[in-house]
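Please report on the side-chain contacts in this structure.

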Amino acid sequence: MTFSRSASIEEIEQNQEWDVIIIGGGATGLGIAVDSASRGYRTLLVEQSDFAKGTSSRSTKLVHGGVRYLAQGDIALVYEALHERGLLLKNAPHLVHDQEFIIPCYDWKSILMYVVGLKFYDLLAGRSGFRKSAFLSAEKVLNAIPGLSKNKLIGGVSYSDGQFDDSRLAINLAQTAAKFDGVLLNYVKVNALTKNSDGMVTGIDAKDLETGKNYQLNAKTIINATGVFVDDILKMDKPAGKPIVRPSQGAHIVLDQSFLKGNVALMIPKTDDGRVLFAVPWHGKVLVGTTDTPLNEHSLEPKPLAEEIEFILKTAGKYLVKKPTHAAILSAFAGLRPLAAPGKDTNSTKEISRSHKLIVSDSGLITITGGKWTTYRKMAKDTIDRAIALGQQVKVKCITDQILIHGAEGVKEEGLFAIYGADATKIRKLMNGEPELAKVLHPDYPMVKAEVVWMIRNEMARTVEDVLARRSRVLFLNAEGAGKLAPAVATLMAEELNRNEAWISAQLGEFNVLVQQYLLKYDQKIGA
């Protein structure tokens, strides 16, 4: 199956009957699509916006067991996550790598606690390809993180975890599912569930948001994998049902690499209000976060709260030589965690489970919620296994632990095209075939035209935001830079997608709003 929107639309035009329909194109839904398609089931996934538009592109970019969950005693979750971390390093080496972290310590009790705790973390991880933890003197800590303040520092503990590019992994998962003949569509919104006379769910009514055309599609298994939006789908099944998810917002800021210096990440396990704070090198910048703020509502584009930004700046300033200010923020964004909280009424997200939960409605609708990026594959396996256990599908063994994710084939790429993995060779071929495509989009940024063309033709990019936020990460890394690139991207996309000047104008207007939000400003124009 070709991973293109036109080919996928043609498939749903010709085929209304499927084995599995997945609602939701984030980490969980895409993982399920790979699992389902690779078992040989006729698989369709629909996403109301772009793949990974929501939570799945807004993580702290870590593939990890979760040191703080170990401290909370959730050993089973940590063990499962560490196993999955090892599989991700093996199956997606172009996007996942071993990242060294250091916990700075200011008393010997902390050093003892973290040395013992992280040795147990190493033990749970087994032989997973990651380095083991170690005690470091204050001198070695400062050599590793030159930007760390030496005030009262007596040493530190280093450990290893995984780092990745979340939305790039999401796109590659979609491409992997397509390799197994899965059909995936962005910008298709589910408006209703269809049921038979016995009240069992049999399909979906969906609308292509680009053309306005409606589709009725049927399947033996319908899976609700919509993250913080699961309750919206559950209400289609049972309007009087109680919410099962409590969103928790996590905000991040991005700073210049001069604030941290070096390639080692900083982990503050306990801040003034008990949260964890990371400062992680990422694509040549420093990603700092996160917060943990319970909310009562959800949206596709959540905004960082003023108090979250203040908390991150204040806390980072306590540990860094160079104190970050609002003016130093290159980009700021927020994501919503879909924490599973059936029947709970709490304002503390620490009390809400980070494990995933599977819920089967009386109608046969399967809902998967909770969890985290690291365990997406296990969540997907559990979901399809449940469909088999319910008798909705014939039994076929899961093979996703052995599947290389798209882009992982061949020699590992280095440099600017590293995120494309094996596809980098094909992008260079585009540049060689059409020298015009080798030109940069803007003199201040290294992105070339061929990358945008590749994203449109092979990664289902449909908007300027799709290109600059999730296929490349410019919006998240440098929002002002994304604004400067936007006009050239819009013009190139209009040529490829056969769009007019009105489309370009609308795209730039919408993207301008987004740029200003990520800059924590709301009154400037892009393209200057």
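## Nonpolar surface patch

Ile-75, Phe-120 and Leu-123 make up a nonpolar patch on the surface. Together they have about 280 Å² of accessible area. Patches take residues with over 30% relative accessible area and no salt bridge; nonpolar side chains (Val, Leu, Ile, Met, Phe, Trp, Tyr) are joined within 5 Å, like charges within 9 Å. Areas come from the Shrake-Rupley method with a 1.4 Å probe, and for residues only the protein chains shown count as cover.

Ile-75 lies in helix α4 (residues 75–91). Helices (H or I, at least four residues) and strands (E, at least two) are DSSP runs, numbered from the N terminus. Ile-75 is partly exposed, at 37% relative accessible area. Buried means under 20%, exposed over 50%, and partly exposed in between (1.4 Å probe, protein chains only).

## Basis of the model

This is a predicted model: local features need pLDDT of at least 70, side-chain atom pairs count only at pLDDT 80 or more, and totals for chains, interfaces and linings use all residues. Residues are numbered from 1 along each chain as its sequence is written, and side-chain values use heavy atoms, with hydrogens and water left out.

## Aromatic pairs

The structure holds eleven aromatic pairs. Rings of Phe, Tyr and Trp (its six-membered ring) pair if their centres lie within 6.5 Å; planes under 30 degrees apart are stacked, over 60 edge-to-face, the rest tilted. Trp-108 and Phe-135 have ring centres 6.2 Å apart and planes at 35°, so the pair is tilted. Trp-108 belongs to helix α5 (residues 108–125) and Phe-135 to strand β5 (residues 134–137), 27 residues apart. Trp-108 is exposed at 57%, while Phe-135 is partly exposed at 40%.

Trp-373 and Tyr-376 pair edge-to-face, 5.7 Å centre to centre with 75° between the planes. Trp-373 is buried at 9% relative accessible area, and Tyr-376 is buried at 7%. Ring pairs also link Phe-101, Tyr-121, Tyr-159 and Phe-278 into a cluster.

## Charges over rings

The charged end of Arg-85 sits over the ring of Phe-130, 3.8 Å from its centre. Arg-473 lies over the face of Phe-476, 4.6 Å from the ring centre. The criterion is NZ of Lys or CZ of Arg within 6 Å of the ring centre and within 35 degrees of the ring normal.

## Salt bridges

The structure holds 37 salt bridges, each a side-chain nitrogen of Lys or Arg within 4 Å of a carboxyl oxygen of Asp or Glu. Arg-131 bridges to Asp-98, with the closest N and O atoms 3.3 Å apart. Arg-131 is in the loop between α5 and β5, and Asp-98 is in strand β4 (residues 96–105), 33 residues apart. Arg-131 is partly exposed at 45%, and Asp-98 is partly exposed at 22%.

Glu-459 bridges to Arg-168, with the closest N and O atoms 2.8 Å apart. Glu-459 is in the loop between α12 (449–458) and α13 (464–471) and Arg-168 in helix α7 (residues 166–179), so the pair ties together parts 291 residues apart in sequence. Glu-459 is buried at 0%, and Arg-168 is buried at 0%. Within helix α13, Arg-470 and Asp-466 are four residues apart, about one turn. They form a salt bridge with the closest N and O atoms 2.9 Å apart, and both are buried. Both also join a salt-bridge network whose members include Asp-50, Lys-53 and Glu-301.
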